[in-house]
Amino acid sequence: MPRQVEKKAFLFYASTLDILKELPEERQGKIAMALIEYGLDDYNYFGEFSGTLSILQPLERILFRSVIYEISVQKRRYYNKNLIRGAIKTFQDVIGRSSALDTKIKDTYIDTINVLKEKYQYVIKHDERNIPEELSALLPEEVYTLFHKRYELKTWKDYMREMFEERLENESRNLSDDVKEKILDKLMKDYLEGGTGFERYEELLEQYAEDN
């Protein structure tokens, strides 16, 4: 599905610059570019050390863990805001193009738009809400079908699960579905608590493969 939005900016704090200045000059530019590219990437929503961030060395990963976590939070808020804006626009399009729309239905749609506007104000400052799931429950079928055609309905958890399943495709050890879910739950918890992505992947795999 093509992108509906392109991220234009993110916050780059002065404290991050202070950390960069403590590193060798030959590393500063590369790390800064990696962080900027990650911040502007509106496809990936959690701190996975792959792609642009794969250049980070172990010590650098520790130094920038909180930075990457904060950037990830910004990205989730950005994603949620754009989904809500998209849902509001979809409602407005449906109302505008349907001159024969029942008055009660139209009033219900307008009420729902107001609910969405309240959600928007919330996600500006918070990122923990599962907005795709909330929209799925809130939008009536006609509106949801049109909305779903326009916008990608994935959360950071969906992206994380996809990457986890991709890694398991090359896994020779036999793991039950329950064990896989336990490992994924712990990786997601790592991300929420510390901003890390798959740093403990091999460690958890070894642990549960032995226990399995």
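Residues are numbered from 1 along each chain as its sequence is written. Because the model is predicted, local features need pLDDT of at least 70 and side-chain atom pairs count only at pLDDT 80 or more, whereas totals for chains, interfaces and linings use all residues; side-chain values use heavy atoms, without hydrogens and water.

Helix 4 spans residues 65-97 and packs on helix 6, residues 131-138, at an angle of about 20 degrees, with 10 Å between the axes. Helices here are DSSP runs (H or I, at least four residues) numbered from the N terminus, and axes are lines fitted to C-alpha atoms over the stretch in contact, with angles from 0 to 180 degrees between N-to-C directions. The two helices are therefore roughly parallel, a class for angles under 35 degrees. In contact, meaning heavy atoms within 4.5 Å, Tyr79, Asn80, Leu83, Ile84 and Ala87 of helix 4 meet Ile131, Pro132 and Leu135 of helix 6. These residues comprise seven nonpolar, one polar and no charged; Ala, Val, Leu, Ile, Met, Phe, Trp, Tyr, Cys and Pro count as nonpolar, Asp, Glu, Lys and Arg as charged, and the others, Gly among them, as polar.

Against helix 7 (residues 141-150), helix 4 packs at about 125 degrees, with the axes 9 Å apart. Residues of helix 4 including Leu83, Ala87 and Phe91 meet Glu142, Val143, Leu146, Phe147 and Arg150 of helix 7. This contact has seven nonpolar, two polar and five charged residues.

Terms used: Angles under 35 degrees count as roughly parallel, over 145 as roughly antiparallel, 65 to 115 as roughly perpendicular and the rest as oblique.
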